[in-house]
Amino acid sequence: MKTPDGHHLAQFNWAKLRYDWDDPRVAEFIDNVARMNTMAERMPGFVWRHLNDRSALRKLRHDGIFATSKRFTTTLSVWTDLESLKRYAFKTVHNRFYKRRGEWFEPHDGPYIAFWFVPEGHRPSMAEAVERAEHMLAHGDSETAFGWAGVEALAGTEPAGCPAKQGLPQGFQVVPDAAGHDLRTPGASEAPVRARGTR
């Protein structure tokens with residue numbers, strides 16, 4: 001999957017720990033979070049990550065799947081392209097932890113990760129990430145956000161620019177959020193992107 005010229009790839013993933021953060025049954029995961037983050041930051045293709053994602057999510061006072069929970073964990077980051085992110089996720093020691101995720105996280109149906117393209121230099125907020133993820137969960141893969149299935153649909157396409165300015169692969173659709181905002185790219189709507197349920 002090619003990243004459009006002048007853009008990077010944002011990713012937002014989420015999960016809920018089976019036990020509290022200080023529970024010894026998740027200690028091996030917790031003890032390696034900083035190590036995995038440091039490794040990610042040193043990988044070719046890494047651009048940026050949200051440093052306070054847990055506190056930022058709590059401040060949203062959100063409901064639904066992203067409701068405030070002591071055991072909820074997220075990662076919001078930006079990469080130059082999907083291949084760089086996949087190299088880190090599946091070709092380093094990180095993959096060992098990924099394969100053991102069932103030991104530490106509650107199972108859930110459906111997607112656990114959302115991708116979207118951002119202009120180079122854009123740093124997505126937690127509110128934007130939650131809004132895009134909820135849009136994907138409600139409406140499926142689109143230019144707003146897409147999961148692994150959307151990655152497969154985009155594979156082999158060679159977009160000349162931002163996807164918001166061209167047609168989508170077959171099976172994709174553009175659906176505005178509940179407020180009528182088009183979230184395909186930052187600034188696509190004059191109204192600021194705000195997660196439903198925020199105050």
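Student: Is Ala-27 buried, partly exposed or exposed?
Tutor: Ala-27 is partly exposed, because its relative accessible area is 25%. Buried means under 20%, exposed means over 50%, and partly exposed is in between, with a 1.4 Å probe and protein chains only. This is a predicted model, in which local features need pLDDT of at least 70, side-chain atom pairs count only at pLDDT 80 or more, and totals for chains, interfaces and linings use all residues. Residues are numbered from 1 along each chain as its sequence is written, and side-chain values use heavy atoms, with hydrogens and water left out.

Student: Where does Ala-27 sit?
Tutor: Ala-27 is in helix α1, residues 27-31. Helices (H or I, at least four residues) and strands (E, at least two) are DSSP runs, numbered from the N terminus.

Student: New topic. How many aromatic pairs are there?
Tutor: The count is 11. Rings of Phe, Tyr and Trp (its six-membered ring) pair if their centres lie within 6.5 Å; planes under 30 degrees apart are stacked, over 60 edge-to-face, and the rest tilted.
One of these is the tilted pair of Phe-115 and Phe-146, with 6.1 Å centre to centre and 35° between the planes.

Student: Which parts of the chain does that pair link?
Tutor: Distant ones: Phe-115 is in strand β4 (113-119), while Phe-146 is in the loop between α7 (126-139) and α8 (148-154), 31 residues apart. Both Phe-115 and Phe-146 are buried.

Student: What sits over the ring of Tyr-19?
Tutor: The charged end of Arg-25, 3.8 Å from the ring centre. The rule asks for NZ of Lys or CZ of Arg within 6 Å of the ring centre and within 35 degrees of the ring normal.
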